[in-house]
Structures are given as C-alpha cells and as structure tokens.
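Open the model in your viewer and keep the sequence beside it. The tour goes from one selection to the next.

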Amino acid sequence: TTLFRSSGPLKKYGVNVTEFRADAIMCAWTSEEESVDIRQRALQAALEADAAVADFRVRRDMAESPLRIGLEAGWVYVGHAGGGGHFVYSIVGDSANTASRLESLNKHLGTSILTSAEVVAGLGEIPLRPLGKFQVKGKSDPLELVEVINSGFDAPALAEFSEALALFHAGNWSQAQEAFVEAGKRPLNRGPAQFFMERAQLHIQGVEVPESPDIVVMDSK
C-alpha cells in the first residue's frame with residue numbers, strides 16, 4: 001500500500017521510466033536536451049511522494065520510517081541491459097548511480113530528499129538547505145548537495161545551521177562542533193547537525209583529518 005501511494009505522484013508528473021528494484025524505485029524523466037520542466041516535474045513528484053508516505057504513517061500510527069529520495073540530473077541509458085539470456089529494461093549510467101548514492105546518504109544525514117545543486121538550479125522558490133560538497137563512494141569528483149525541505153520550514157533554524165556549516169568548512173572544528181550542538185536543538189536541523197557535529201568531533205580527535213575541510217568524503221554507501 002505504501003508503494004502504491006508513493007508511486008502515484010510519479011504518474012501524476014509524467015515519469016517516463018519506472019524500474020522496481022527490490023524495496024526501491026528507480027525513475028527517469030527523459031528529454032533529448034536539458035530541461036527545467038523535466039527537473040521541476042521530478043522534484044514535485046519527490047515532494048508529493050514524501051508527503052504521501054508521511055501521511056500514510058500518521059494514519060496507520062506507524063513508527064517513523066521516512067521515504068529516502070535522491071535526485072540527479074544528467075545523461076543515462078534507458079533500455080534493455082543484461083546478458084546470458086537474462087535481460088531487463090533498466091536505467092543505467094553515472095547519473096543513475098549518483099542518484100542511488102544520494103538516496104543512501106539520507107540515512108547518514110537524517111534527511112528525506114537530497115539532490116545535486118544542478119537538479120534545483122533555476123527552479124524558483126523551493127525551500128532548500130545547501131549542505132556543501134560531498135564526495136560519495138564510487139565518485140571521483142565532489143558533488144554540491146542540497147536538501148529539499150518538505151515540512152517544518154524554519155528560516156532562523158536554517159540560518160543557524162548555515163553559520164555552523166561555515167565554521168566547519170573553514171576547518172574550525174571545535175567552534176563548529178559547539179555550533180552544531182546548538183543548531184541541533186531545533187527539529188529541522190536535528191539530523192544534519194548531528195552528522196556534522198560527529199564529523200567535527202572525529203576531526204578534533206585526529207581520527208579523520210580531511211585534505212579539504214569543505215569536502216566531506218563518504219567511505220560507505
């Protein structure tokens with residue numbers, strides 16, 4: 001039932017390809033050239049799917065288990081893939097892999113919808129939280145990541161988080177850690193603030209010392 005309710009917005013916003021992968025769905029909105037409309041429709045589908053699952057949990061009095069969504073824009077191959085007599089209609093390519101990595105990254109950051117900065121570029125008034133550069137597993141180049149805020153928008157909370165993140169990116173680990181502790185007292189900041197606070201603590205202890213303080217390197221999915 002949850003799957004049905006969360007896939008409804010995909011159809012509403014004209015998804016071109018839907019591939020079911022165990023307990024996940026990989027989707028593609030396709031165009032022969034870059035399109036703001038394509039990115040807008042994908043984002044709206046993500047927002048409504050997230051809201052549908054949240055509503056389902058409330059009505060069924062279920063434990064919190066947020067939908068995790070990763071969005072990336074770029075080139076992919078859509079068609080039959082496989083070999084040895086076994087073929088599937090699939091979405092394949094670097095952008096598909098990146099979207100999958102972003103979906104998984106939500107677990108670490110306590111977020112629901114993560115996108116690359118390219119996805120939301122030029123999309124207008126959407127509540128967003130810039131999270132800085134992340135080098136996800138399997139990618140050699142860092143990505144500028146953004147969290148899409150779907151509920152509980154709190155401008156002062158976002159400003160407080162942004163100030164703490166600036167300290168982190170400057171390599172001021174102790175100050176950043178203290179700032180994230182304070183920022184994390186606001187519900188909207190809880191997950192991301194906890195992630196960066198723990199990272200700052202590791203840097204202070206010398207367990208993980210990054211080459212570039214403004215790039216978070218993820219060694220796990």
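Contact here means heavy atoms within 4.5 Å. This is a predicted model, in which local features need pLDDT of at least 70, side-chain atom pairs count only at pLDDT 80 or more, and totals for chains, interfaces and linings use all residues. Residues are numbered from 1 along each chain as its sequence is written, and side-chain values use heavy atoms, with hydrogens and water left out.

Select Phe196. Leaving aside neighbours within four places in sequence, Phe196 is in contact with Leu109, Leu131, Phe134, Phe161, Leu165, Phe168, Phe180 and Val216.

Helices (H or I, at least four residues) and strands (E, at least two) are DSSP runs, numbered from the N terminus.

Five strands form an open, mixed sheet in the order 3-6-8-7-9; two strands pair if DSSP finds at least two bridges between them. Strand 3 (69-71) and strand 9 (215-217) stand at the edges with a single partner strand each, so one side of each has no neighbour in the sheet.

Finally, select strand 7 (residues 128-135) and strand 8 (residues 143-148), which pair in the antiparallel sense over six bridges. Phe134 has Leu143 in strand 8 as its bridge partner.
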